[in-house]
Structures are given as C-alpha cells and as structure tokens.
Amino acid sequence: MAALPPALRHHDFRIYWTGQALSTFGSQFTSIAMAWQIYELTNSAVQIGLLGLARAVPQMIMLLLGGLLADAVDRRRLMIVTQFLQFAISAALATLTLAHLVAPAVLFAASSLFALCGALEM
C-alpha cells in the first residue's frame, strides 16, 4: 500500500477531506439530476439554462455577503447547517420525484436554495 500524502496523514484532515469529497459528489449528482429532470419535464434546453441561472444568481449574491457571515458566526456550525440543508433539499427532491409531485417551479426553487447553501459554505 502506498504511503498517504502528507496532508492525509492527519486524522482530522482525513475526516474533513472525506466528508467534503462525499458532499461535492452529492452536490454534483443533485445538480445533474435536476437538469436531467427539468429536461424530462419540459423537453426544453432553455429550461436547463434557466435552471443554471436560478443557481448562479443566489451564488453571486451570497458570495458577496458570505464572508461577512463567516466572520460573524462559528464556521464549523455554519458548515454543518449548510450541509444538512443541502441534504434536506436533496431528500425532499427525491421524495417529491418518487411521489410524482415535482414540477419545474419546484426544481427552480430547489436549485436556488441549494446554491444559496453552497455559497454560504465556501
């Protein structure tokens, strides 16, 4: 077995890195699933672009304010809350999809909220 890179020799960093890798995978999976789902619902490539816009606008706004918030609150707690909210949004989308209750408006709202949480944890 090859030796671990120096950073991964630290137990706490290994836990953080693993969690962040899983979170990134989940976030990317959710983004792709939402784009695929909106295309399946509307059969419109424009709607995929609008979904990206619904994600980009909150990110741009919160990136400006996120630094202020990160300095004002405990960063660890902020990261835990945003990760939990992203999980809750993904779980809600999965539940709505399985119940055949998802609509384009739901996907736009979920995309915006998901992006808002993502921008806060950066």
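In which helix does Arg55 lie? In this predicted model, Arg55 is part of helix α2. The overall architecture is given before the surroundings of this residue are described.

The secondary structure of the protein consists of 4 helices and 0 strands, and the order of elements from the N terminus is α-α-α-α. Along the principal axes, the C-alpha atoms occupy a box of roughly 50 × 40 × 25 Å. The protein has 122 residues, of which 25% are buried. When contacts between residues at least 6 apart in sequence are considered, 73% of them link residues at least 24 apart.

Helix α1 spans residues 11-42, and helix α2 spans residues 45-72. The axes of α1 and α2 come within 8 Å and cross at roughly 140°. The crossing in which α1 passes α2 is right-handed. On the α1 side, the contact is made by Ser31, Met34, Ala35, Ile38, Tyr39 and Thr42. These residues meet Ala45, Gln47, Ile48, Leu51 and Arg55 in α2.

Arg55 counts as buried because its relative accessibility is 19%, the limit for this class being under 20%. Leaving aside residues up to four places away in sequence, Arg55 touches Ser31, Met34, Ser111, Phe114 and Ala115. Of these partners, Ser31 and Met34 belong to the α1 residues that meet α2.

Leu50 also lies in helix α2. Its relative accessible area is 36%, so Leu50 is classed as partly exposed; that class covers values between the buried limit of 20% and the exposed limit of 50%. Leu50 contributes to a nonpolar surface patch of about 890 Å².

The structure contains 1 salt bridge. Arg75 and Asp71 form a salt bridge in which the closest N and O atoms are 3.1 Å apart. Side chains of opposite charge can pair when their charged atoms come close. Both Arg75 and Asp71 are exposed, whereas Arg55 is buried.

Conventions: Residues are numbered from 1 along each chain as its sequence is written. This is a predicted model: local features need pLDDT of at least 70, side-chain atom pairs count only at pLDDT 80 or more; totals for chains, interfaces and linings use all residues. Side-chain values use heavy atoms; hydrogens and water are left out. Patches are made of residues with over 30% relative accessible area and no salt bridge: like charges are joined within 9 Å, nonpolar side chains (Val, Leu, Ile, Met, Phe, Trp, Tyr) within 5 Å. Accessible areas come from the Shrake-Rupley method with a 1.4 Å probe; for residues, only the protein chains shown count as cover. A salt bridge is a side-chain nitrogen of Lys or Arg within 4 Å of a carboxyl oxygen of Asp or Glu. Helices (H or I, at least four residues) and strands (E, at least two) are DSSP runs, numbered from the N terminus. Buried means under 20% relative accessible area, exposed over 50%, partly exposed in between (1.4 Å probe, protein chains only). Axes are lines fitted to C-alpha atoms, for helices over the stretch in contact, and angles run from 0 to 180 degrees between N-to-C directions. A crossing is left-handed if the near helix is turned anticlockwise from the far one by less than a right angle, and right-handed if clockwise. Contact means heavy atoms within 4.5 Å.
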